[in-house]
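Today I opened a new model to look up its charged pairs and its nonpolar cores.

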Amino acid sequence: YNVVFPHMTSMTREAVATVGLDPKAASKCKNMFALGICFCIYNRPLDHAVDFIRRKFAKKPAVAEANVLALKGGYNYASNTHAFANTYVVRPAPLPAGLYRSISGNQATAWGLMAASEKSGRPLFCGSYPITPATAILEELAKRKDLNVKTLQAEDEISGICTAIGAAYAGNFAVTTTSGPGLSLKSEVIGLAVMTELPLVIVDVQRGGPSTGLPTKPEQADLNQALWGRNGECPLVVMAASTPSNCFHYAFWAGKIAMEHMTPVLLLSDGFIANGSEPWRIPSMKEYPKITPPIVTRAPEGGFQPYARDEKRLARMWALPGTKGVEHRVGGLEKDSLSGAVSHDPENHERMVGLRAAKVARVQDFIPKQEVVGGRRGELLVVGWGGTYGHLLTAVRELQRRGEQVSLCHFNFIHPLPRGVREIFSRFRRIVVCELNSGQFAGYLRQQFQEFEFLQYNKIQGLPFTVTELRDEFARLLKS
């Protein structure tokens, strides 16, 4: 590192001296002085910034002039001193044409949930308890009463998810948001959602643990809890977003799967992508498919059977309270496979356990086939999931430019896994699974694909991977 200590305050005051501001007001311009240094280091023209400042402070010409002078002062200081040995040019990214804005992961998650509500025609309800780093989702949703969003800040995590299940029963697209400790508290009620077969999205913005752990640091250590952290045979769909902007996409798909398949869906994010931001091309909602919940509008001939299923998805019908002729029971006790009456029959219980598992497995037929970045076969396949995507992609591309036979297989759909995974794994000599935990996804893959050997590269420091450490590890594996 080349550390430079500019006398920022005194140089800013000198730069704006001709305007006549008092020393306190003049010192406030030093952020523009620092920005001017950055403009020089990154070879950026000042025109846009100067125009922006003059428009922003049009009614305060003295303030505008002082900020412009400070900006130019910082630029001239960086240009004329030898302290900054290097300057940089960041080329425009090859992005598709469209209207872009900056968006954070938590904001994108909230908007994706609202988009799913719009496409389904079901009002959105979020019952949550504030917890770092997931609170911003609740805050963002609470702003949107104009879009028929209802939010409840509950007194604790369990109350939050219980209100969401009640809202789902009443016909709302129901959501609850949390982080790892809150997910632990919600686990019993997630089991209730599985038993009642109601649509529910649970968003877990992961952080370092266990217990209170590292509340502001990212980790991927909730995967086992997401997959298995409930009593009994209690399967649900597990997904993971991988960038701040695609939190919108996967929140939308979590809602679509939950409502069309009548199942809880657990969407994993983490502190790194939740608080991070990036340019996001604002989509037309025509790009997203309709969501068609299986709502029963009237009693069928022969009477309503609440656990009769659609053959394609194995989803039961969504019977809303107040609909004549579809009165039925819900609750945590096992139900008859058709009538919904409480049942302790052993064979019925085994049949219902199988049906709930098969319903989740059927989701595989409705999600995209797994893709690979790079060649379809080669020496090394890098495997990741969730928020490690950007670092893994950059490291793999750098090695690809060197001519190495390395590819990336990154997962967003985790349970069930997408189609085509076994074929992808079979075409590479070595497979290394990279994750910010002690190897939870690697262990899960070993259960699913016992014929392959999975190497691991793990980091549990409350920090994301760096491209350098990944690139060096992949290079070592390619040489060995």
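**Salt bridges**

I looked up the salt bridges and found that the structure holds 16, each being a side-chain nitrogen of Lys or Arg within 4 Å of a carboxyl oxygen of Asp or Glu. I kept in mind that this is a predicted model, where local features need pLDDT of at least 70, side-chain atom pairs count only at pLDDT 80 or more, and totals for chains, interfaces and linings use all residues. Residues are numbered from 1 along each chain as its sequence is written, and side-chain values use heavy atoms, with hydrogens and water left out.

I went to R309 next, which pairs with E197 at 2.7 Å between the closest N and O atoms. R309 sits in the loop between β9 (295–296) and β10 (318–319) and E197 in the loop between α9 (180–196) and β5 (200–206), so the pair ties together parts 112 residues apart in sequence; helices (H or I, at least four residues) and strands (E, at least two) are DSSP runs, numbered from the N terminus.

**Nonpolar cores**

I then checked the largest nonpolar core, which has 93 residues; such a core is a set of buried Ala, Val, Leu, Ile, Met, Phe, Trp, Tyr and Cys residues joined through side-chain atoms within 4.5 Å. M239, V383, F425 and F441 touch the most other members. Helix α11 (residues 246–261) gives the most to this core, with 10 residues. Apart from it I found another core of 20 residues, including L393 and L477.

Methods. Buried means under 20% relative accessible area, exposed over 50%, partly exposed in between (1.4 Å probe, protein chains only).
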